[in-house]
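Thanks, everyone, for making the time this morning.

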Amino acid sequence: MIRPALAEQLRPWREVISALVCLVFGIWVFAKGGYVFWPLGGAIMAVSAIWGLNARRQMRFRRTIAAPGLVEVDEGAVRFFAARALGGEIGLRDLVEVRLLVLSGRSHWRLKSADGQALLIPVDSAGAEQLANAFATLPGVDMGRFSAALQWNGPSVQTVWTRPERARLT
């Protein structure tokens, strides 16, 4: 039905396209009018818009898996499991800094905790796209800086986020 080359180009966009289809459905329901369809259509549109924005944000973090290891984000903690590299766990509450480093030609997220521990996670490891949602919960975060850092070809070290001082006291 769809040419294989076109299907392959649209594959990364499938979740964004699904959210867009739901948004159009919400507009159609809203256009029916009335006290029942206006709130229902508005709710469908709002959920679809949030879903689409989240899917687009995660697209920038999604890469072809080329590095060893597995990233897991669960219960407010980021875990990295690796057989040949150092793994570990850092709670999102304890995070004070996020940097993007280039080591041996491969980009890594460097997560630093309040007690000085650091966790290096390759950008192209399995499950690394989950970090988009984890980073979005950090106080004072600008997700645009994360996206720009992933596309940057400049210096090999970039500080993408630091915890604001007022948030460190609590």
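Predicted model: local features only at pLDDT ≥ 70, side-chain atom pairs only at ≥ 80, totals over all residues.

Let me start with the surface, where M1, I2, L6, L10, W13, I17 and V21 together make a nonpolar patch of about 730 Å². The elements that give two or more residues to this patch are α1, which covers 4–10, and α2, which covers 14–31, while M1 sits in the segment before α1.

Stepping back to the whole chain, we have six helices and seven strands, and, reading from the N terminus, the order of elements is α-α-α-β-β-β-β-β-β-α-α-β-α. Along the principal axes, the C-alpha atoms fill a box of roughly 60 × 50 × 30 Å.

Now to the packing of helix α3, residues 34–61, and helix α5, residues 143–151, whose axes come within 9 Å and cross at roughly 30 degrees, the crossing being left-handed. On the α3 side the contact is made by R57, R60 and F61, and these meet M143, F146, S147 and L150 of α5. Sorted by class, that contact comprises four nonpolar residues, one polar residue and two charged residues.

How values were computed:
Residues numbered from 1 in each chain as written. Heavy atoms only, no water. Patch = residues over 30% accessible without salt bridge, like charges linked within 9 Å, V, L, I, M, F, W, Y side chains within 5 Å. Areas by Shrake-Rupley, 256 points an atom, 1.4 Å probe, with all protein chains shown as cover. Salt bridge = Lys/Arg side-chain N within 4 Å of Asp/Glu carboxyl O. Helix = DSSP H or I, 4+ residues; strand = E, 2+ residues; numbered from the N terminus. Axes fitted to C-alpha atoms, helices over the stretch in contact; angles between N-to-C directions. Left-handed = near helix turned anticlockwise from the far one by under 90°. Contact = heavy atoms within 4.5 Å. Nonpolar A, V, L, I, M, F, W, Y, C, P; charged D, E, K, R; others polar.
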